[in-house]
Structures are given as C-alpha cells and as structure tokens.
Amino acid sequence: MKRAEVKVTVLTVYGLVQGVGFRPFIYKIAKEMGIKGEVDNRNNGVCIRAVLTPELRECFVARIRNEHPPVAFIHRIDVKEAEIQVPYTDFTITPSYSESDEVTQVAPDIAVCPECLRDREQQQHRLHYPFINCTHCGPRFSIISDLPYDRERTTMAGFEMCQDCRKEYMEMTNRRFHAQPVACNHCGPVYYASYNNVKLTEYEKLLQLSSRLLREGEVIAAKGIGGYHLICDATNEKAVNRLREIKLRDSKPFAVMFRDIAQLKDYTNVNVAEEEALFSWRRPIVLLKQRRALASGVNPGMKTLGCMLPYMPVHYDWFEHVDTPALVMTSGNLSDLPIAITPEEAEMQLFGKVALILHHNRDIRNRVDDSVLQVCGNQACLIRRSRGYVPEPIFADVLVEGLLAFGAEKVNTFALGKGDTILQSQYIGDLKNWETFSFYTESLTRFRKLFRFTPSYLVCDLHPDYLSSREAERIAAETDIPLLKVQHHHAHAAACMLEYGLYQPVIAFVLDGTGLGDDGKVWGGEVFLCDRRSYRRLAHLEYIPLPGGDKASIEPWRMAVACLWHYFGENIPFPDGFVERIGTQKISMLLKMMQQGVNTPYTSSAGRLFDAIASLLGVCDVSTHQAEAPVLLEQLASDELFAYYPVIIEEGNISFRPVFEGLLDDLKSGVSSAELSARFHNSIAYMLLERAKLFLKQTGAMQVVLSGGCFQNKRLTEHLQQLFAAENIPLYVPGRIPCNDGGISVGQLAIAASNQAVRRCESISVGHF
C-alpha cells in the first residue's frame, strides 16, 4: 500500500551561508519554534525542508533574515512546496551534497572572534592555542579547495580531529558544529621554526623567542592566514630601516598593526566610519590621518598611516609580550614578488635576511594579501580588495553567466560571472613580473575549478601588450570562445555604474595614469558620456608629450620638462633649483628627444599631470614606487579649498597652461609649496565641477561617476563630494570596487554583459554613442 505523501516547504537560501554557522543557527531557531524538518549544505546554498503552516513559514523566514549570524549575508530565499513520503519527527542537520554546477558563496577569511579569544584562556585542550576558530571566525577562502565547503575539501583535510574536537564538531548546539577548520592543541596545526640550527615546535617557546627578537629590534617573518608577513617594532628606527633593506623598498610606506584601538587613537585621528572598518570581522588596513609619529622610516614624508588591528591569536600574543604600541606588518616577500605562502618560498626569499622565520603546517591554498581601504566622506572606499573580502561576490543587476574578464596590467584582478554574481579575484599585482603572472594564471585556474566555471565569452583590455590581454587572446584562439576588447577608461566608468546599479547614460570623469585610447594615444584624463555598453568622449586633458614612454611615470621630472616645453616653447621658465637638481645635460637630451619626436608618444594622463606638478614643486623628481609623486603631492597640500587656477577649454581640450603660469608666478613670489599643491588640487576639483554642470545640461544626463586611480586621492575626492553636494548633483564614488585598476575586471564584465547581443567569434571592439 502506497504511503500518504506529506507536504513540506523547501527554502533555499542563497548568499554567504556556508562556513559561518548558518546550519546551527537554522537548527536552533527551528527547535525553538517546534519546527520539524532538515537542513543541509548544497553547492549553491543552504536547503531547508520543513513542515510549515503559512503563518509559521512567515515567522521562520523573518527570523532567518533578521537573526542570522553576523558574518552571513542573505542574497535571496527561494520558497517552493514539495512532497515527501516519510514524515519528519524532529529537526536535523543532514550531510552536504552537490547537485549542479551552481555554487554558493565562499566565505572570506574571518578575524578571530572574541568568544574564541576567551576560549583559549579557559578550555583545557585549547589553552593559548594559536589556531583556534569556530563557525564565526577563522580561515575560509585561504584554505578551501572545492565546494561544498567541508573539511575534506580544505587544507585541514590532513588533520584528524581528536575526540574532544570531534564531539564539538558533531554537537548541533555547539558553536563549533561543522566548523571545518576546528582544531586544538592535540590535533591541529602547529607553528615551527629553526633557530640556531635547532628545530622548535612548542608554541610557548616560539612565542617567547619571537617576542624577544622583536623587543631587541630584530625583523622576523611569520606565516599568517593568506601568506607570510615581515614584522618588526614600529617604534624602533633601526628595525624599520633593516626591514627596508630586506624588502628592497626605499620609501613606500609600511602598514602597521596597533595593539588596540586606544593606542591607535593615540597616534591617529579616527572617525566613526573608520573605526567601524577597523573593528569589522574583515580587519582591513585603513588609511588614517596621523597625529603622532612612530619610527620615521615607517611612512617617510606622509601624513597618513596604514593601520589595522590584530586578527589572529598570535597577534594578540605578541602584544602581550612586546611593550610597543604597534608592529610593522608588511607582506612577506621581496619587492615586486607575490606574497610568499609556502615554507619553501619564504626560506628562499628571506633566509639569512631575518632573525627568524616562523612557519606553520596548515597549507595556504589561496594567496591573499591584506586588504586596504580609506574613508572618503564617510564612505569606505576599497583600494586593495583581498583578505576579508574575496571571494565575496558582487551582485549584478544583469546576467553575467559565462563571462570571464582578464583585468588590466597593474594592480590586476580578474573576474568571472556566475548567474547574477560577479566573482572577483583577490589582488594579484603587476603582471609584468613573471612570478606575479604565474600567480595570476594559477589563481584563474583555481577560481574556475572552485566555482565550476566554464567560460563562454571573454573580455579584456584594448591594449594588446598587456599580459592579461595576451592571455585572453591565447585562450580565445585555443578554444574559439568569442573575445571582446574594452577600452580601459570605459571599464573604469562601467565598474562604478554597476556598483550603484546605474543604467542610464552618465557623465563619467575617469582620471588615471595610463590606458590605450581609440586614437592610439595614451589616455588618462577623460570625460565621457557613457552607459555600460558604449561611450562618447566629451572632453579630455590636453595631449602632452610623454618623453621616454613608461619611463616618464618613474621619473616625474620628465613630465615637468615636457609640460613646460609644451606650453612655453624654447624659453622654458624653470623654477629656481630645478635645473640644478636634474642637470642641464639630462634636460637638454630630453628636449632634443621631444623636438625630434623620438620615443615621445602623447598622453592625456591626469596621473602624469600630477607627476609634473610634484616635480616642479620639488616634491618628487624620481619615484621609487608606483604613484609616489601624486601621493606625496597630496600629502603636501594645505587645507585651503578655495584658491585655484583657471583652465582653458577649446573643442574638448582641457588646457592647464593657466595653471602652470599661475603656479610658476606664485612659486617665484614665495607662495609655499603646501599652498601651491592645494591650489593645484582645487583647480582640478573646480574644473570637474564646471564641466559636470555644463555636460549635464547639454546631454540631459542626470548623474556623475568618478573612477580611475587619481581618485584614490582622498583630498581631491572629498573636495569633489563637498562641491557636488552643494550643487545637488548626484555623484557616485567607487566604494566596494576599487577605483584603481583593481576594479577594471568588474567594469569589463559589466560591459560584456551589456554587449551580449553583439557576440561573434572574432575579436570585436566596443562602439560609441
């Protein structure tokens, strides 16, 4: 005789719902409400099957939405009815399984939670255990190999749980129920190191040794969640200088980790939005205005400091043993190489250079640097999106299935589309470096496997020499998958438009260092009327010689000479001291190069304009790292917001000749460099405001977006926010997607999604209005 079927409600919860204690949460509220059924992990989310009346279902769904674990994020809940033959007698958590190529969100790595910090002082099997975690915290993306997210598909697979951990793992009401990295002193990962040819594995001895070395002014390396860090006392000049020698880094600022928020506030100014970012479970580096100096070598010439708070147990332990307000915590690699993640990489790069290399035996599957952000006008704006954020998806308002975007050359990320979600990679870096390009291709392969992704449409930058573009062309040729080539600055604008769900045409100001234009010249100071599919160039910074090509971005003095020669001809009014600093012979050779047109392309780059002003003011003639001159110019600027120089605009060309004339006259008159830097910044801001007002009126567009690396300039961006707010002009600034080239892949994907209708097998270029 056939059994009677029982009707059940099936709830499928999509979002960040695995690895964050979501099933125990569902179990808890179901038991409280007397609901019978089951919950399990699927490859695409969490599935709940339960016997529910309409009233009970409404209350149950409301509690799921309102009371879920703090790290969890619910994108949507699908509800349908089904029938089963065996009625439920209780509510249970059942095993995970995979049923399709759909995928759920993978949790980013989560800072250690307060409950775990308390447990390591109270639980006998976890006393002082440095790898403590639960469903609310611990490593996630850095250790995962495949979905669904279960222990056997992480780098914890080789650590067999002891009886105590197994009991917690299986107990549905325990905070460690199905916490995949669960471990303790008896069964989990351990630190180890060799010191004076003696191998050490006892954590307390390693902690005492590493702390003593830090107190004595040594530099150590230690394996963290997403890679190795180089660490020293941030108040010790000798230690910081030694760290610079190891990193082969002349002046690029170091990030620091403060003991606690009280010490951080003693050294920096922190507003509510910045404090919220610092304390978030993501634990990014936050750029803050400095009040007091640490060692001068930490951030030479800077008024800002990259700060973070502890996010691993070992960080808290060091601060208990080292009497310092802050530790320098920078990526454990030599300059231009990816952050080291294996003992072999760390030893190869750092052996003999640091006093100690502290390893641990939990493998890092996915390399992730610390993330970096700053707050502009109370809006958190990501600069580097990595640990704590990746691989959290960006939800699109358009289907992106099968799209693969390869990103730009520098500050590279890639992105792939699954359904309505964009999965952007962690920060990769500059692909011109072979090791970084290997990291890029390795990560791309891992993302495709992890997220069960098969591309059906490729998209890359218009520049044919970018290694990301070459990789896209190689794959397109081998697979016969269509390839779309996207103009660099359009991708910048489209990324911001996608973030805010903007579809209608906007006025886009895109200011950065470089990007190939449609006319074959180097763009970088662009005003577009654009939507996500096409664009029209309304105006641009006047083309200026770029003597030496890429070398001009490394030697800002070249741009100073180029601008003065362009605007003043042979009678160049060099400011006092400039010729003496640079040398007559070098200047003469550069002038001859430009006169003869040898290796002198032309550019509309705003980044190179900042370089020119920085050199003229004596701020930076030769850069030791990317964007050093513009950053130092911003740091120099006073708070003056009203004085500015005019610009000349003819047929879409924005000429800064009056800016150079006024600045040189004021410099000769004795106006301070700080004031002149402020006036230059103000000139850009007021120029953009006036162009926006004009083009909004002319085109009928209603909104303005900003993008490009120049808007990492906090002073400029916040000034624009104030000016546009005063005029009631809607202004959109990238926040969750970096405004620099780290956001290009998302913009490429947005444009490709809007151009699905024009797919064809051969390479194509995006059209114009």
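**Exercise 1.** Over which ring does the charged end of arginine 537 sit?

*Solution.* Start from the rule: a charge sits over a ring if NZ of Lys or CZ of Arg is within 6 Å of the ring centre and within 35 degrees of the ring normal. The charged end of arginine 537 sits over the ring of tryptophan 523, 3.8 Å from its centre. Arginine 292 likewise has its charged end over the ring of tyrosine 267, 4.4 Å from the centre.

Before going on, note that this is a predicted model, where local features need pLDDT of at least 70, side-chain atom pairs count only at pLDDT 80 or more, and totals for chains, interfaces and linings use all residues. Residues are numbered from 1 along each chain as its sequence is written, and side-chain values use heavy atoms, leaving out hydrogens and water.

**Exercise 2.** Work out how the rings of phenylalanine 22 and phenylalanine 25 are arranged.

*Solution.* Rings of Phe, Tyr and Trp (its six-membered ring) pair if their centres lie within 6.5 Å; planes under 30 degrees apart count as stacked, over 60 as edge-to-face and the rest as tilted. The structure holds 19 aromatic pairs. In this one, the centres are 5.6 Å apart and the planes are at 65°, so the pair is edge-to-face.

**Exercise 3.** Decide whether phenylalanine 22 and phenylalanine 25 are buried or exposed.

*Solution.* Buried means under 20% relative accessible area, exposed over 50%, partly exposed in between (1.4 Å probe, protein chains only). Phenylalanine 22 has a relative accessible area of 1%, so it is buried. Phenylalanine 25, at 9% relative accessibility, also counts as buried.
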